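Biologist: Please put the model up. I have some questions about its side-chain contacts.

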Amino acid sequence: MAGGFVAADAKTGHRQFKGKITWYVWICGIIAATCGLMFGYDIGISGGVTAMDDFLVRFFPTVYARKHRAKENNYCKFDDQRLQLFTSSLYLAALVTSLGASMACTRFGRKRTMQAASVFFLIGAGLCAGAVNIAMLIIGRISLGVGVGFGNQAAPLFLSEIAPAHIRGALNILFQLNVTIGILVANIVNYYTSNIHPVGWRYSLGGAAVPAAILFLGSLVITETPTSLVERGHRVAGRAMLERIRGTKEVDEEFNEINSACETAAALCAEEKPFRRLRRRESRPPLVIAILMQVFQQFTGINAIMFYAPVLFQTMGFESNASLLSAVVTGGVNVISTLVSIILVDKIGRRKLLLEACVQMLIAQVTVGGIMWVQVKDNNNPSHSWALAIVVLICVYVSSFAWSWGPMGWLIPSETFPLATRTAGFSCAVSANMFFTFVIAQAFLSMMCTMRAFIFFFFAICIVIMGVFVLTLLPETKGVPVDEMLDRVWRRHWFWKRFFGDADEAKINNC
């Protein structure tokens, strides 16, 4: 692929390194982003499976009986802690695993960590597909969670480290694009397997092995990142790999910066371990931003809708197959809208996409909440036209999330930490994401039972808070090389600059 780039970006003034946007970079990026495909497939598959009668009869017979009870409360018929644990156990396992995944990324590299993710995902898919009782089902989900913890830690870091600065956003968003494709594929699989009785759910859960196999085989042919190679003492191999992914031997400037960053990181880590270093005052800005991005990403309510889309649509009065088809439609909107982010993120920046989405999501959530408050009562369903209106509004909501908080939640934390705390800091971000995903997954059906339509107003209030956060505290990172974030971003921000001392101290910590 053609496309050399110059020493300085004319629009941003940020220094750029020499090289080309090579096909090999895109191939490595696409394969690494398959971690997102695994994650997305699981998000999409859970809600569809829990809406299948065959699955409920075998593992959750009380939920099945409540679902088909004539006068059962629309908002409460799926409220079951064990059913919610089926979905949420994966994210609890991923939370714990992501902390260990940080050390694996540092010691063994990003590539090996992604390979480990694929192995655990294959094991989990086999256990879930062959489950004969709830215990086996949950153990399988935990194995899948370990795979998610490793994959979600390694893949965004891998993508940020191999990408040239001026396309880092687009390349990193391949991860989120694969998440959305995984959700869409899972919804399509559920739509067809729901008619395969009584084992359709086994095909759905076993399908998770396909993206895991793709990642495992693909990881055998991709490179390790130059930063990871140099960080682990392989300087010659690191330079050779940098030349390969940049398509030129004129990489002295970029390689010297990577080498300098790694040497400083090694010196700092010898004095103080990365997780301890995160407690320092100068580590707080990227850490706070990374964690808040994960908190806000989940409190948009997106995963509540994606996990339980078929269940939610059944609450609105759709039949089982119609609810699954509606979930397919929202999944398609999710994929298409993520492509918008890939096109725009490095042109207009991160902040503008996030702010526009806050407005769009707020309008959609408030309108959906209002319609459901008026039209969806405890024991009666809305008219078909109102139900379709809700589906359209959810598509509007999903589209805005897909080009903003979805990809930015992974992109921004992966690009803002200095090398000395990069894997540790990003693991905190992944852990926060998994924790709040677990909370939402475990609590959503109970919240819907208790709050009824007001659950949408709850998420709307969260979106208002998110907009204020972006306006006041989130810096723009478009076009800034990852190893220059400290001086070019944090030290120039009106609020975060107070966390840094003099310029010499800043340079020491800019590793």
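Biologist: Which residue forms a salt bridge with R239?

Modeller: First, the ground rules: this is a predicted model, local features need pLDDT of at least 70, side-chain atom pairs count only at pLDDT 80 or more, and totals for chains, interfaces and linings use all residues. Residues are numbered from 1 along each chain as its sequence is written, and side-chain values use heavy atoms, with hydrogens and water left out. A salt bridge here is a side-chain nitrogen of Lys or Arg within 4 Å of a carboxyl oxygen of Asp or Glu. With closest N and O atoms 3.1 Å apart, the partner of R239 is E243.

Biologist: About how much of a helical turn separates R239 and E243?

Modeller: Both sit in helix α12 (residues 235-246); helices are DSSP runs of H or I, at least four residues, numbered from the N terminus. R239 and E243 are four residues apart, so the separation is about one helical turn.

Biologist: Is E243 buried or exposed?

Modeller: Buried means under 20% relative accessible area, exposed over 50%, partly exposed in between (1.4 Å probe, protein chains only). R239 is partly exposed at 23%. E243 has a relative accessible area of 17%, so E243 is buried.

Biologist: Which residues do salt bridges with shared partners join into one network?

Modeller: By the salt-bridge rule, the count comes to 19. Shared partners join one network: R110, E161, E231, R422 and D483.

Biologist: How far apart in sequence are the parts tied together by D42 and R141?

Modeller: The D42–R141 salt bridge has its closest N and O atoms 2.5 Å apart. D42 lies in helix α2 (residues 34-50) and R141 in helix α7 (residues 134-162), so the tied parts are 99 residues apart.

Biologist: Over which ring does the charged end of R141 sit?

Modeller: R141 is buried, and so is D42. A charge sits over a ring if NZ of Lys or CZ of Arg is within 6 Å of the ring centre and within 35 degrees of the ring normal. At 4.7 Å from the centre, the ring under R141 is that of F86.

Biologist: What is the angle between the planes of F296 and W405?

Modeller: Rings of Phe, Tyr and Trp (its six-membered ring) pair if their centres lie within 6.5 Å; planes under 30 degrees apart count as stacked, over 60 as edge-to-face and the rest as tilted. The whole structure holds 24 aromatic pairs. F296 and W405 are edge-to-face, 6.3 Å centre to centre, with planes at 80 degrees.

Biologist: How many residues apart are F296 and W405?

Modeller: F296 is in helix α15 (residues 284-298) and W405 in helix α21 (residues 405-416). F296 is buried at 11% relative accessibility, and W405 is buried at 0%. The pair links distant parts of the chain, 109 residues apart.

Biologist: Is I336 buried or exposed?

Modeller: I336 has its place in helix α18 (residues 320-348). Its C-alpha atom is separated by 8.8 Å from that of L177, 159 residues away along the chain. The relative accessible area of I336 is 56%, so I336 is exposed.

Terms used: Helices (H or I, at least four residues) and strands (E, at least two) are DSSP runs, numbered from the N terminus.
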